[in-house]
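Trainee: Could you walk me through this protein? I'd like to learn how to read it step by step.

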Amino acid sequence: MIEDKNKILQNLKDADCGSDLIANFFRLENAGKISEQLRLLSSHRKNLLNKLHINQKQIGCLDYLIFNIEQGNKK
């Protein structure tokens with residue numbers, strides 16, 4: 001059981017969960033509140049996905065700028 005908790009802890013850390021989220025996750029586990037654990041993880045997943053979309057937009061802006069600069073140097 002301890003090995004499983006260590007694997008879960010590492011997985012949460014790898015998913016960029018902060019110490020507060022991790023503490024809440026295990027508190028909910030100890031209380032047997034699985035649906036609340038799932039809600040907590042889903043919320044974190046949503047936040048990560050939002051960050052990803054923001055980063056994709058930023059990369060797109062840089063790609064556009066790079067493309068335009070490269071095209072200007074070809075003239």
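This is a predicted model: local features need pLDDT of at least 70, side-chain atom pairs count only at pLDDT 80 or more; totals for chains, interfaces and linings use all residues.

Trainee: Which residues does Gln 37 touch, not counting residues up to four places away in sequence?

Mentor: Gln 37 is part of helix α3, residues 34-73. Helices here are DSSP runs of H or I with at least four residues, strands are E runs of at least two, and both are numbered from the N terminus. Leaving out residues up to four places away in sequence, the contacts of Gln 37 are Phe 25, Leu 28 and Glu 29.

Trainee: Is Gln 37 buried or exposed?

Mentor: Buried means under 20% relative accessible area, exposed means over 50%, and partly exposed is in between (1.4 Å probe, protein chains only). Gln 37 has a relative accessibility of 8%, so the label is buried.

Trainee: What pattern does the protein follow along the sequence?

Mentor: The count is 3 helices and 0 strands. The pattern is α-α-α.

Trainee: Why is the protein called more spread out than a compact globule?

Mentor: The C-alpha trace spans about 65 × 25 × 15 Å along its principal axes. The radius of gyration is taken over C-alpha atoms, and the globule rule is 2.2 Å times the number of residues to the power 0.38. For 75 residues that rule gives 11 Å, and the protein is well over it, so it is more spread out, with a radius of gyration of 20 Å.

Trainee: How are the rings of Phe 25 and Phe 26 arranged: stacked, tilted or edge-to-face?

Mentor: Rings of Phe, Tyr and Trp (its six-membered ring) pair if their centres lie within 6.5 Å; planes under 30 degrees apart are stacked, over 60 edge-to-face, and the rest tilted. By this rule there is 1 aromatic pair. The ring centres of Phe 25 and Phe 26 are 5.4 Å apart and the planes are at 85°, so the arrangement is edge-to-face.

Trainee: What relative accessibility does Phe 26 have?

Mentor: Phe 25 counts as buried at 8% relative accessibility. Phe 26 counts as buried too, and its relative accessibility is 16%.

Trainee: What is the phi of Asp 16?

Mentor: Most residues other than glycine have a negative phi. Asp 16 lies in the loop between α1 (2-14) and α2 (19-30), and is partly exposed at 48% relative accessible area. Although Asp 16 is not a glycine, its phi is positive, at about 65°.

Trainee: Which residues does Leu 41 touch, not counting residues up to four places away in sequence?

Mentor: Leu 41 lies in helix α3 and is partly exposed, with a relative accessible area of 30%. With residues up to four places away in sequence left out, Leu 41 touches Leu 12 and Phe 25.

Trainee: How far is Arg 45 from Gly 32, going by C-alpha atoms?

Mentor: Arg 45 is also in helix α3, and is exposed at 57% relative accessible area. Arg 45 and Gly 32 are 13 residues apart along the chain, and their C-alpha atoms are separated by 21 Å.

Conventions:
Residues are numbered from 1 along each chain as its sequence is written. Side-chain values use heavy atoms; hydrogens and water are left out. Contact means heavy atoms within 4.5 Å.
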